[in-house]
Amino acid sequence: GSTIGILGGGQLGRMMAVAAIQLGYRVIGYAPAGDNVAASACDDFFENGWGERDAMAAFASKCDVVTWEFENVPLSAVEAIPLAMLAPHPKALGVAQDRLNEKSFVEQLGAVCAPYLRVENDDDLRRAVERIGAPGILKTARDGYDGKGQWRISSAHEAEGVRFPGRACIYEGMVSFEAEFSVILVRSVAGEVRFWDSSANTHDSGMLVHSILPAGALIESQIEKAREIAAKTANALDYVGVLTLEFFATSNGPVFNEMAPRVHNSGHWTIEAAATSQFENHIRAIAGLPLGGTATRFASVDMRNIVGEDALTAHRILAEEGEPHLHLYGKREARGGRKMGHVTRVSHSAP
Ligand code: ATP
Ligand code: MG
Ligand code: MG
């Protein structure tokens, strides 16, 4: 097949489309109307709601394989697409769209999680804080990203003042971690799994802002265990494509936080600094092509998000030393701390 369909219109889809176009595919996107920055990288783009089954079917009829860059595509929408065309398998969405499903699924495969309980009303919340203790975080079970839909609760007293937000939530104990990292892997149709190096990731108010390599001794000592869990997860989901699992590196080993059944912000550095980028290997995997190498090409790598800043002022970065690699996503406005782009810096040593 020669046409790849992408559900979702954000920057991940944009970078995925660029990789697919480079490999000679036609790319068609689909997302509800909005600032769909993937559209300019696609040959065609459907701006229709997730509930418009006819539009979804028309989109699918133009594609040979359909993937996603956004894990909250409603399952009911995905059902309008023939299963054989979808990669990864949509069961990964079913697991990853709900934080409780996701934690129990990966826990069964041997991961350690922070203590957590389902919260569906004020009483549940009170009970959860009592049992798990504070500090902790109340998170909506579904639809959260970049730290949205999260409330930090520092004490049982503070919990008294927190109202149940009206939708199913999870309350989890606050993990006292030394560092954060993610395992990003690609799995082929034949079941071959390859991993990129894990960067050390820094978040600000729940949003990833910075990834660096090397990740440091503590993370490096926990990668093997984390990779084992990630590979088991991919195998259990018959996963094809790029899968990400986020971990906290604690003094007691890796603690699983969440998964993203897709390419991931903490892997943007792979565009310039790995043998094959996460975007290209995702396309290769879903298209049934041979996977590319995942080795890191430089002694050190630094990826920083450009958040809430007007894209044009970010062009000043191009005047900096060290040949920074600037990526701007073409978003219309920087309002509300949106991810507008990123910049990757690599160590260049003389030949
Ligand atoms: P993403 O954009 O990664 O999908 P998200 O909105 O799904 O973000 P999480 O990844 O659950 O949110 O949390 C965002 C960040 O908040 C984490 O990377 C971590 O820094 C912090 N955090 C979340 N849960 C915990 C926890 N239980 N203990 C300590 N820190 C936490
Ligand atoms: Mg998340
Ligand atoms: Mg996260």
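Of the 351 residues of the protein chain in this predicted model, 43% count as buried. The secondary structure of the protein chain comprises 10 helices and 17 strands. The radius of gyration of the protein chain is 20 Å, close to the 20 Å given by the globule rule for 351 residues, so the chain is as compact as a globular protein of that length. Along the principal axes, the C-alpha atoms of the protein chain fill a box of roughly 55 × 55 × 40 Å. When contacts between residues at least 6 apart in sequence are considered, 62% join residues at least 24 apart.

The protein chain is divided into domain 1 (3–86), domain 2 (115–173) and domain 3 (179–346). The centres of domain 2 and domain 3, taken over C-alpha atoms, are separated by 28 Å. Ligand 1 lies between domain 2 and domain 3, because both domains give residues to the shell around it. That shell holds 16 residues, of which Gly144, Tyr145, Val175, His203 and Gly206 come nearest to ligand 1. Divided by class, the shell around ligand 1 has six charged, five polar and five nonpolar residues.

In soluble globular proteins, nonpolar side chains tend to be buried together. In the present model, the largest nonpolar core has 94 residues. Met16, Tyr171 and Phe247 are the residues with the most contacts inside this core. Neighbours within four places in sequence being left aside, Phe247 is in contact with Phe181, Ser182, Val183, Ala226, Pro254, Val255, Phe256 and Asn257.

Met56 is found in helix H2, which spans residues 53–61. Met56 counts as buried because 25 other C-beta atoms lie within 10 Å, where the cut-off for a buried residue is 20 or more. Apart from its neighbours within four places in sequence, Met56 is in contact with Tyr30, Ala77, Ala80 and Ile81. A separation of 9.7 Å is found between the C-alpha atoms of Met56 and Ala31, which are 25 residues apart along the chain.

The peptide bond from Ala87 to Pro88 is cis, with omega near -5°. Pro88 is placed in the loop between helix H3 (75–78) and helix H4 (91–96). A cis peptide bond also joins Ala134 and Pro135, with omega about 5°. Pro135 lies in the loop between helix H6 (122–132) and strand S6 (136–140).

The loop between H3 and H4 also contains His89. With 15 C-beta neighbours inside 10 Å, His89 counts as partly exposed. Once neighbours within four places in sequence are left aside, the contacts of His89 are with Leu237, Asp238 and Tyr239. The C-alpha atoms of His89 and Gly241 are separated by 9.5 Å, although these residues are 152 apart along the chain.

Asp238, one of the residues in contact with His89, has a phi near 50°, a positive value in a residue other than glycine. Asp238 is placed in the loop between helix H8 (217–236) and strand S13 (241–250). Its 13 C-beta neighbours inside 10 Å class Asp238 as partly exposed. A positive phi of about 50° is likewise found at Glu323, which is not a glycine. Glu323 is located in the loop between strand S15 (301–307) and strand S16 (325–328). Glu323 counts as exposed because it has 10 C-beta neighbours inside 10 Å, the cut-off for an exposed residue being 12 or fewer.

Asp122 is found in helix H6. With 13 other C-beta atoms within 10 Å, Asp122 is partly exposed. Asp122 touches Arg163 and Phe164, residues up to four places away in sequence not being counted. The C-alpha atoms of Asp122 and Glu320, which are 198 residues apart along the chain, are separated by 52 Å.

Notes. Residues numbered from 1 in each chain as written. Chains lettered and ligands numbered in written order. Predicted model: local features only at pLDDT ≥ 70, side-chain atom pairs only at ≥ 80, totals over all residues. Domains from an automatic or database assignment. Near = placed C-beta within 6 Å. Nonpolar A, V, L, I, M, F, W, Y, C, P; charged D, E, K, R; others polar. Core = buried A, V, L, I, M, F, W, Y, C linked by C-beta atoms within 7 Å. Contact = placed C-beta atoms within 7 Å. Helix = DSSP H or I, 4+ residues; strand = E, 2+ residues; numbered from the N terminus. Rg over C-alpha atoms; globule rule 2.2 N^0.38 Å.
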